[in-house]
Amino acid sequence: MHSDDGTQNEEVIGSNANCLSSRGAIPTSWIARVSSKVPDVVARCASRAAHLLVQYTNRHVHIPGNPWDRYPYINVKRYEGKLTCGTRFRPLTLNCETVNTCNNACVICACSEQTRKKISMSMSIFEKVVQDYSSMGGGHMSLTPIVGDILMDRDILERLRILESHPGIDDLSVTTNASLAHRFDDSELRYFVSRFSRIQISIYGLDAEEYREMTKRKTYDQMVTGIRRFLQVGADKVTFSFRLLRQWTRRDVDAWLDRTIYANLAGRAITTEPRPINSLMTGGYANWGVLDTSKPLPFNASWCPPRVNKTQCMLPILSFLVYSNGNVSFCPCDNFDDVEELSLGNIKDATLLELYNTPKAKALWNWKEHGVPGFCKRCTFHIPIQYLRLSREALDDPFKIMGG
Ligand code: SF4
Ligand code: SF4
């Protein structure tokens, strides 16, 4: 089934593409509609200017240099302590990439395009990340690498133990492809799962052939075994996001889960209704700003249509990102290769809060005056900031957009 902007199937719950993040609960068709209506939105805003001014005065914490001043529908007062820290600003959450390597090489992912050195985050940088984040108020932290898989991180259990002594970081989530679960014995995997509020498992094929075409790996059976082990130690934490190439329906996916994953799971009753499916995509995959979308995907899966972004992207209010080398990115979502124009510096040189409050960070919050960063112009993960005017839920529950 095709949605009205030509992207595929109404079953698509996720936004653009990738794995890890499966960022997204917004249909790409919706984003296109919002983008096309931006001038209307602006016109309507103008006619309500006086009303908004009153609302603005009431809602906003009065802090000079508020980077969101020009978006009166961002109610900073409502998110005091979550979008602010004293007289400074912060995004709602933090992404910490402890590794930037992956066991897969998916055709819809920029992982293989990385020129960054592939490393594990040193413990000293990790400790500074959690210390800085706690000091700025903590909250939710995602350990999903921007490109990579958390199970590649040989130090992950030690990091999770360190996080136990930072109660201000009170909500952890992660997305994994689950194929490397065999690296952990049952008690380690149980501990891993116990530390997260949410674990999203990305599934890249419902049969060995589709999985191989997507991931370039022959590890379909290993993936199935890994998912079943995750369910056995913590089914209540696990959700699924499907990134598929064949044009499967929701019914097909439910049947696959019942037949391949839930069947004969030993030792526990697992509730399969409703099945915990976060998103299901069979097309509309993002270009990551660099992928060659003129090359067709296998099995007629589609790319997200090209676009030229002009309005501010909302994703950086939801989160920012620390890379495995300590560099910090304004963009938590697409900046897989750490481009300079979106870089906020390195955590070794300043605190996270300082890095988010530099003149450069504020300029990045003002595309109208400073221009759209080159990397952002054609990014198909982009979500216009006007979305926040229409949906308070985006700030109340950012994980619906960002995945795990
Ligand atoms: S290559 Fe790795 S990081 Fe990229 S989409 Fe596939 S599993 Fe996710
Ligand atoms: S438009 Fe820019 S800020 Fe938004 S997701 Fe893309 S690269 Fe990140």
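The shell around ligand 2 divides into nine nonpolar residues, three polar and one charged (Ala, Val, Leu, Ile, Met, Phe, Trp, Tyr, Cys and Pro count as nonpolar, Asp, Glu, Lys and Arg as charged, and the others, Gly among them, as polar). The model is predicted, and local features need pLDDT of at least 70, side-chain atom pairs count only at pLDDT 80 or more, and totals for chains, interfaces and linings use all residues. Residues are numbered from 1 along each chain as its sequence is written, while chains are lettered from A and ligands numbered from 1 in the order in which they are written.

In total, 13 residues surround ligand 2, the closest being Cys313, Cys331, Cys376, Cys379 and His382; a residue is near a molecule if its C-beta atom, placed from the backbone, lies within 6 Å of it. Helix H10 (315–318) and helix H14 (374–377) each supply at least two residues of this shell. Helices (H or I, at least four residues) and strands (E, at least two) are DSSP runs, numbered from the N terminus.

Turning to the sheet, nine strands form an open arrangement in the order E8-E7-E6-E5-E4-E3-E9-E10-E11, with mixed pairing; two strands pair if DSSP finds at least two bridges between them. Strand E8 (277–281) and strand E11 (343–346) stand at the edges with a single partner strand each, so one side of each is left without a neighbour in the sheet. On average, neighbouring strands of this sheet are turned by 20° against each other, direction ignored. Within the sheet, E4 (residues 140–142) and E5 (residues 171–176) run parallel and are joined by three bridges. Methionine 141 has leucine 172 in E5 as its bridge partner.

Helix packing comes next. Helix H4 (residues 123–135) packs on helix H5 (residues 156–164) at an angle of about 30°, with the axes 11 Å apart; axes are lines fitted to C-alpha atoms, for helices over the stretch in contact, and angles run from 0 to 180 degrees between N-to-C directions. H4 and H5 are therefore roughly parallel to each other (angles under 35 degrees count as roughly parallel, over 145 as roughly antiparallel, 65 to 115 as roughly perpendicular and the rest as oblique). Phe126, Glu127 and Val130 of H4 make the contact with Arg159, Ile162 and Leu163 of H5, where contact requires C-beta atoms, placed from the backbone, within 7 Å. By class, this contact has four nonpolar, no polar and two charged residues.

H5 also packs with helix H6 (residues 186–194), at about 40° and with axes 10 Å apart. H5 and H6 are therefore oblique to each other.

How values were computed:
Contact = placed C-beta atoms within 7 Å.
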